[in-house]
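Dear colleague,

Please find the structure below, followed by an account of what was found in it.

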Amino acid sequence: MSINKLSPKAKELLHEGTVIPAHPLALNQDRKLDEKRQRALSRYYLDAGVGGLAVGVHTTQFEIRKPDVNLFKPVLELAKEEMDSYTSKTNRTILRIAGVMGDTNQAIQEAQLASDLGYQAVLLSLASLPHASNKDLLNHCREVSKVIPIIGFYMQTAVGGRYLDFDFWLEFAQIENVVAIKMAPFNRYQTFDVVRAVVESGRADQIALYTGNDDNILVDLMTEFEVQSNGVVIKKRIVGGLLGHWSVWAKEAVILLENIKKGTYSTDSIKMLSMAAKITDSNAAFFDAANNFKGCIVGLHEVLRRQGLLEGTWTLNENDYLDPLQKAEIDRIYKAYPELNDDDFIAENLEGWLK
């Protein structure tokens with residue numbers, strides 16, 4: 001089995017930093033795949049100017065892997081086709097990232113499928129191994145890394161993740177085919193554990209850091225971490241985001257990251273912190289923070305439904321529904337921060353995406 005590596009262009013884009021939405025799953029009222037709208041979502045993100053798509057991840061719903069659902073391969077294939085079409089027309093490099101999970105055999109099979117379909121890296125979830133030791137987790141990660149480059153995933157416990165200590169991340173960062181880490185523990189202490197581990201691993205210049213902390217997006221992207229390693233202070237930044245939050249209002253997310261890179265917020269900390277608070281407040285509504293994130297997927301679906309990209313908020317779990325209080329919160333956010341949505345951009349292009 002040959003080991004895939006990132007192409008030079010993909011590596012450059014990953015380290016430069018970009019917007020990577022976590023791709024939702026479009027279903028019809030029968031909770032079956034809505035291929036037309038699944039394609040429309042991909043087209044929306046790509047035309048919005050994102051630098052990559054993450055498919056088959058938590059926002060896509062882990063249930064796509066269930067034998068009676070069997071949508072893991074179809075959704076990867078649809079996104080691949082749309083990325084192929086887009087890159088052939090624009091010649092832009094797009095990072096193709098597939099979510100991978102399960103025990104080692106399952107994770108390797110999923111990684112091999114992703115590789116065969118032309119995905120360049122996998123976001124490796126460890127949620128399926130809640131009681132495994134660090135040693136077993138690291139062996140698992142090494143085996144998957146023999147197939148394809150891997151992106152570590154520190155997922156918050158409220159949506160099924162597990163605690164991963166500093167020692168785990170230190171050894172994880174030393175795996176040769178680790179190319180990035182998505183930090184999404186929604187916890188400042190644990191986020192810094194990852195940053196420090198990457199620096200102390202000696203691979204700070206080889207591993208790109210991406211925020212998955214949807215509750216702290218802008219501050220993560222504005223922070224320059226200073227870590228002392230072997231008596232030397234090394235600076236490390238989070239260069240981009242791989243976020244469920246960025247599956248909505250994606251055009252504005254692209255503009256946000258562009259503004260960060262241009263230094264828009266660098267000289268005005270009050271402006272930056274005010275914008276950060278607006279984004280976090282929006283995320284609280286989208287992710288149903290008040291209800292311990294129970295509606296974190298249906299909230300995103302509701303925004304996409306309002307914009308016409310999705311027909312409804314259905315998920316593969318029949319017990320998922322949009323709580324009236326969460327709907328009211330999304331209403332409030334729309335009224336409070338109209339400058340953050342990209343409704344106009346979608347309205348101008350929706351007809352073409354749905355063809």
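The protein has 13 helices and nine strands, where helices (H or I, at least four residues) and strands (E, at least two) are DSSP runs numbered from the N terminus. Its radius of gyration, taken over C-alpha atoms, is 19 Å, close to the 20 Å that the globule rule gives for 355 residues, so the protein is as compact as a globular protein of that length. The globule rule is 2.2 Å times the number of residues to the power 0.38. Along the principal axes, the C-alpha atoms fill a box of roughly 55 × 50 × 40 Å.

Please note that this is a predicted model, in which local features need pLDDT of at least 70 and side-chain atom pairs count only at pLDDT 80 or more, while totals for chains, interfaces and linings use all residues. Residues are numbered from 1 along each chain as its sequence is written, and side-chain values use heavy atoms, with hydrogens and water left out.

Of the 355 residues, 57% are buried; buried means under 20% relative accessible area, exposed over 50%, and partly exposed in between (1.4 Å probe, protein chains only). Strand S3 (residues 95-100) is largely enclosed by the rest of the structure, because six of its six residues are buried. Leu95, Ile97 and Gly99 point one way from S3, and Arg96, Ala98 and Val100 point the other way.

Strand S2 (residues 52-55) runs parallel to S3 and is joined to it by four bridges, with Leu53 as the bridge partner of Arg96. Strand S4 (residues 121-124) also pairs with S3 in the parallel sense, over four bridges, and here Val100 stands opposite Leu124. A right-handed β-α-β unit is made by S2, helix H3 (residues 72-90) and S3, and another by S3, helix H4 (residues 104-116) and S4. A crossover is right-handed if, with the strands pointing away from the viewer, the path from the first strand over the helix to the second runs clockwise.

Grid points are joined across faces, edges and corners, and a volume is the space filled by probe spheres set on the points.

The largest pocket holds about 300 Å³ of space. Its lining has 18 residues, of which His58, Glu63, Val159, Cys296 and Ile297 are the closest to its centre. The lining divides into nine nonpolar, six polar and three charged residues; Ala, Val, Leu, Ile, Met, Phe, Trp, Tyr, Cys and Pro count as nonpolar, Asp, Glu, Lys and Arg as charged, and the others, Gly among them, as polar.

There are six cavities of 30 Å³ or more. The largest cavity has about 210 Å³ of space, and His58, Thr59, Lys182, Asp214 and Phe287 lie nearest its centre among the 18 residues that line it. Strands S5 (150-155) and S6 (178-184) each supply at least two residues of this lining.

Kind regards

Key
Pairing = 2+ DSSP bridges. 1 Å grid on protein atoms, 1.4 Å probe; cavity = no way out; pocket = protein on both sides within 12 Å on 5 of 7 lines; lining within 4 Å.
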